[in-house]
Amino acid sequence: MTLRICFLGNSHIACVRQAWQTEAGRWSGIAPLFVGAHRNLLLETAEVAGKLVPTSDGAARAFADLAGIDHVDLNAFDAFVVTGCLVSLGCIANLYRDARWLDLPSIAAHEDLASEPAVLMSDAAVQMTAEDILSRRLGLRVARHLRDMTTRPIVVTSQARVSAVIEQAHRPGVRAHHAALRAGDAANLSALFDSCASRACRDAGATFLPQPRHTITKDILTARPFMDGAVRLTADGSTPQPPRDITHANARYGAAVLDQIAEHFGVQAV
């Protein structure tokens with residue numbers, strides 16, 4: 001039996017689509033439809049007579065240009081997968097940038113907490129804050145949007161952690177990642193993200209699939225073989241990401257995600 005899956009995502013869906021286009025026979029038990037849209041356009045849709053239809057010109061163009069469709073028949077699929085859409089460890093890194101909590105190894109070993117410049121939070125407060133942050137990300141909003149329209153399984157996949165290239169080359173916006181790595185807190189951040197994302201997805205009526213473990217290095221980075229050579233979400237599917245991009249994964253990562261999805265649904269991958 002072939003599992004019909006509708007993949008929905010922002011620019012991060014490109015790696016999964018490219019993996020499928022490159023090696024479709026590897027997942028012969030899956031029949032996918034890839035519906036990609038930039039910004040918040042996936043939310044500019046509504047259920048009409050069992051169909052997910054665009055409610056704005058931008059969403060209609062995205063459906064047409066990137067998927068070659070004008071609607072999604074919700075009843076034609078066995079499951080839905082929301083991929084990318086800002087469900088990323090970066091949310092936790094941003095929290096770590098401004099706060100610390102007692103469960104962190106660096107704080108447990110701290111000899112003078114009064115001198116700690118960051119805001120100190122309880123572990124419970126950090127978990128509640130992290131779940132709240134994640135619940136507002138596009139992926140969770142799309143999952144809730146879909147859950148109002150279908151009873152079929154909804155899976156949310158993790159957006160890839162930032163590229164390990166930041167260890168050798170300066171990139172903006174990753175100061176918290178470097179701080180966590182220096183302090184020995186990276187594993188804690190990784191675990192916090194995965195656990196809070198799982199709970200946020202459960203509350204949205206979805207299942208969270210964490211980033212495939214073999215693609216991760218040093219807990220909060222994605223190994224470069226899964227990042228270098230990423231493509232943008234375009235109609236041609238072959239436009240490269242800018243050289244300084246550190247957030248988009250490549251087809252090898254997309255294949256790891258497809259393997260993960262196949263395993264989750266009990267579909268044999270070659």
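Predicted model: local features only at pLDDT ≥ 70, side-chain atom pairs only at ≥ 80, totals over all residues.
Residues are numbered from 1 along each chain as its sequence is written, and side-chain values use heavy atoms, with hydrogens and water left out.

A word on terms. When I say helix or strand, I mean DSSP runs numbered from the N terminus: H or I of at least four residues for helices, E of at least two for strands. Two strands pair if DSSP finds at least two bridges between them.

Back to β4 and β5. Leu 52 has Val 72 in β5 as its bridge partner. Those strands belong to an open sheet of 3 strands, in the order β3-β4-β5, with antiparallel pairing. At the edges sit β3 (45-48) and β5 (72-73), each pairing on one side only. Helix α2, residues 57-67, lies across β3, β4 and β5, and runs at about 115° to β4. For angles like that, axes are lines fitted to C-alpha atoms, for helices over the stretch in contact, and the angles run from 0 to 180 degrees between N-to-C directions.

Now the other sheet. This one is open too, with 5 strands in the order β2-β1-β6-β9-β10 and parallel pairing. Its edge strands are β2 (30-36) and β10, each pairing on one side only. From one strand to the next, the twist averages 25°.

Let's look at β9, residues 154-157, in that sheet. Which way do its side chains point? Ile 154 and Val 156 go one way, Val 155 and Thr 157 go the other way, and all are buried. Buried here means under 20% relative accessible area, exposed means over 50%, and partly exposed is in between, with a 1.4 Å probe and protein chains only. On one side, β9 pairs with β6 in the parallel sense over 3 bridges. Phe 80 stands opposite Ile 154, and Val 82 stands opposite Val 156. β9 also pairs with β10, again parallel and over 3 bridges, and there Val 155 has Thr 207 as its bridge partner.

What lies across β9 and β10? That's α8, running at about 155° to β10. Helix α8 covers residues 186-203 and includes Cys 196. Cys 196 is buried, at a relative accessible area of 0%. Leaving aside neighbours within four places in sequence, Cys 196 is in contact (heavy atoms within 4.5 Å) with Gln 127, Ala 130, Glu 131 and Leu 134.

The whole structure has 5 aromatic pairs. Rings of Phe, Tyr and Trp (its six-membered ring) pair if their centres lie within 6.5 Å; planes under 30 degrees apart count as stacked, over 60 as edge-to-face, and the rest as tilted. Phe 193 and Phe 208 have ring centres 5.9 Å apart and planes at 85°, so they are edge-to-face. Phe 193 is in helix α8 and Phe 208 in strand β10 (residues 207-209), so the pair ties together parts 15 residues apart in sequence. Both are buried: Phe 193 has a relative accessible area of 0%, and Phe 208 has 7%.

On to helix α3, residues 90-98. Its buried residues are Cys 91, Ile 92, Ala 93, Leu 95 and Tyr 96. Among the elements covering them are β7 (99-101), α5 (123-135), α7 (175-183) and α8.

Most residues other than glycine have a negative phi. Leu 86, in the loop between β6 (79-83) and α3, has a positive phi of about 70° although it is not a glycine. Leu 86 is partly exposed, with a relative accessible area of 35%. Lys 218 also has a positive phi, of about 55°. Its place is the loop between β11 (216-217) and β12 (221-222), and Lys 218 is partly exposed at 46% relative accessible area.

Last stop: helices α1 (residues 14-23) and α9 (residues 251-264). Their axes come within 7 Å and cross at roughly 85°. That makes α1 roughly perpendicular to α9, where under 35 degrees counts as roughly parallel, over 145 as roughly antiparallel, 65 to 115 as roughly perpendicular and the rest as oblique. In α1, the residues involved include Trp 20 and Glu 23, and in α9 they include Tyr 253 and Leu 258.
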